[in-house]
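Good morning, everyone. Please take a look at the model on the screen, and then I'll walk you through it.

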Amino acid sequence: MPNRKTNNGQLPASFRDPSGFLFSQGGTLYRQVNRAYEQEYARLMDSGLYEKLVKAGLLIPHVEVEQEPAESEAALRVIQPERVPFISHPYEWSFGQLKDAALATLAIQKRALKQDMSLKDASAYNIQFVRGKATLIDTLSFELYKEGEPWVAYRQFCQHFLAPLALMALTDVRLNQLLRVYIDGVPLDLASELLPSKTRFNFGLLTHIHLHAGAQRRYSGEEVKSRRGSMSRQAMIGLIDSLIASVQKLDWTPRGTEWGNYYDITNYSDAAFEHKKELVRAWTERIQPALVWDLGANNGIFSRVAGESGLYVVSFDIDPAAVEQNYRQAKKDKTGNLLPLLLDLTNPSPAIGWANRERESFGGRGPADLVLALAVIHHLAISNNVPLPQLAEFFAGTGRWLVIEFVPKSDSQVKKLLASRKDIFPTYVREGFETAFKRNFKIHEAVEVRESERVLYLMERV
Amino acid sequence: MHYTPLPYLDPGSGSFLLQLAIAALLGLGVAIRASWGRIKGWFGVKTKPEDDDAESQDE
């Protein structure tokens with residue numbers, strides 16, 4: 001993990017806000033609260049707002065600790081927030097995840113207003129999934145509410161949440177990838193242009209996106225102080241209610257996509273499926289990992305098997321429908337130790353933001369203790385033409401242990417991939433696969449999956 | 001009116017002015033919803049009380 005922190009341990013994702021910052025000391029994560037934030041911190045803690053939000057699972061809990069601050073001159077105190085098992089980015093979330101993160105932000109703002117506080121930012125990066133729930137992780141996001149003033153985070157909320165949600169629901173679900181390019185959210189003029197024109201007849205989208213984009217264009221750089229006008233508390237509540245209604249109206253339900261019903265059209269029998277489950281269960285118990293990454297997880301069936309003993313599983317897939325299904329299932333079952341995420345393994349999340357250090361890459365957030373790569377190798381080796389030695393090297397970088405399934409050319413799924421193209425993969429056979437992976441791994445087990453031509457391996461990085 | 005202190009993020013002039021422009025309308029909406037609840041109350045229709053801790057993102 002290169003370049004993860006600066007000299008005083010300060011984390012690169014936490015530098016904008018003068019209220020304080022995150023730093024790491026001896027492997028523990030702390031947050032320095034600055035003196036400049038004294039009043040706000042006191043109001044948050046003393047008004048009962050902190051307790052209410054934590055109880056509702058909307059805010060990350062923390063303890064006040066006696067840790068030496070990283071920058072003592074500015075420091076008021078140091079707090080130790082609960083550690084989030086895996087930091088994910090908004091462009092890795094499914095529609096439902098982004099929607100829940102948006103609603104959590106608005107629910108927090110409504111509760112904050114009751115205690116005369118208000119969110120001073122509404123960044124999607126401040127929300128993480130903790131015990132399966134969208135949770136605010138930035139304890140310093142609150143300011144004192146001053147009646148009459150508009151919401152300072154309105155623009156950010158619309159760019160980080162409302163615009164991408166509307167685009168995903170009404171234009172194309174893949175447009176959440178715009179968040180990967182625009183780190184401060186989708187520009188509203190772009191969203192306005194890409195949304196279908198019928199959205200101008202929807203009060204929420206008309207106001208918060210189309211008119212909002214127009215107002216930005218028209219009043220760019222104009223001084224607000226000189227203008228008269230005020231926003232009553234009632235109007236502020238009306239604004240938040242209007243945003244809640246606009247978000248709630250947006251919906252996206254996966255239809256029959258390539259993978260949505262993968263397990264129904266798969267080529268293996270129940271016996272093969274059960275055998276795979278047994279092996280994953282037994283090997284996970286044997287290794288006792290703390291963090292598992294399931295790469296190519298589909299809707300998370302094997303992630304759930306690995307997570308049975310309560311360890312934390314991040315369940316990645318390339319298909320928005322599969323990730324959505326996975327998230328909805330986890331939410332329904334209240335599975336707190338499973339995080340479904342969207343990821344294209346052939347082009348994983350890069351490090352983005354200021355100096356390329358603000359938001360970590362996929363690999364930078366590793367390694368995992370155990371990586372599951374089930375029914376995925378043929379997509380990488382054949383569809384994406386990655387040579388086997390490079391695949392072995394990639395997997396060696398992502399985790400110490402690897403459970404990987406080899407799918408031979410005789411398998412009907414691979415036959416499909418080869419049907420329309422020239423077979424330029426002479427080494428894509430079991431022996432070639434083993435030779436390539438032995439350079440980076442020790443093969444502990446190789447078991448032929450019952451009633452199939454596939455082989456499941458348990459390997460350890462050397 | 002005078003806005004203090006200045007926020008650390010630029011809220012955007014357009015975003016501020018739009019809120020001020022629609023403030024009256026939004027406030028009116030809240031007032032109408034509240035009085036509609038009261039009117040329904042006269043006719044014995046109970047409205048869901050707003051309870052903080054029952055509110056949840058699970059809807």
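How many residues of chain B are in contact with chain A, and how many of chain A with chain B? The count is 35 residues of chain B against 52 residues of chain A. Contact here means heavy atoms within 4.5 Å.

Some ground rules. This is a predicted model, where local features need pLDDT of at least 70, side-chain atom pairs count only at pLDDT 80 or more, and totals for chains, interfaces and linings use all residues. Residues are numbered from 1 along each chain as its sequence is written, chains are lettered from A and ligands numbered from 1 in the order in which they are written, and side-chain values use heavy atoms, with hydrogens and water left out.

Now chain B. Chain B has one helix and zero strands. Helices (H or I, at least four residues) and strands (E, at least two) are DSSP runs, numbered from the N terminus. Of the 59 residues in chain B, 34% are buried. Buried means under 20% relative accessible area, exposed over 50%, and partly exposed in between, with a 1.4 Å probe and protein chains only.

Next, the interface. The size of an interface is often given as the accessible area lost when the parts come together. Between chain B and chain A, about 4000 Å² is buried, and carbon and sulfur atoms give 60% of that. That area is what two parts lose on being put together (1.4 Å probe), summed over both.

Which residues form the salt bridge? B:Arg33 and A:Asp241, through their side chains, at 3.1 Å from N to O. The rule asks for a side-chain nitrogen of Lys or Arg within 4 Å of a carboxyl oxygen of Asp or Glu. It finds one such bridge across this interface.

Now two residues in chain A. A:Ser94 sits in the loop between strand E4 (75-81) and helix H3 (95-114). Is A:Ser94 buried or exposed? Buried, because its relative accessible area is 3%. Its side chain joins that of A:Glu324 in a polar contact of 3.0 Å. A polar contact is a pair of N or O atoms within 3.5 Å; within protein, one must be able to donate a hydrogen and the other to accept it, and residues adjacent in sequence count only if both atoms are side-chain atoms.

Last, A:Arg359. This residue is in the loop between strand E11 (338-342) and strand E12 (368-373). A:Arg359 counts as buried because its relative accessibility is 13%. Beyond four places in sequence, A:Arg359 touches several residues, including A:His89, A:Tyr91 and A:Tyr125.
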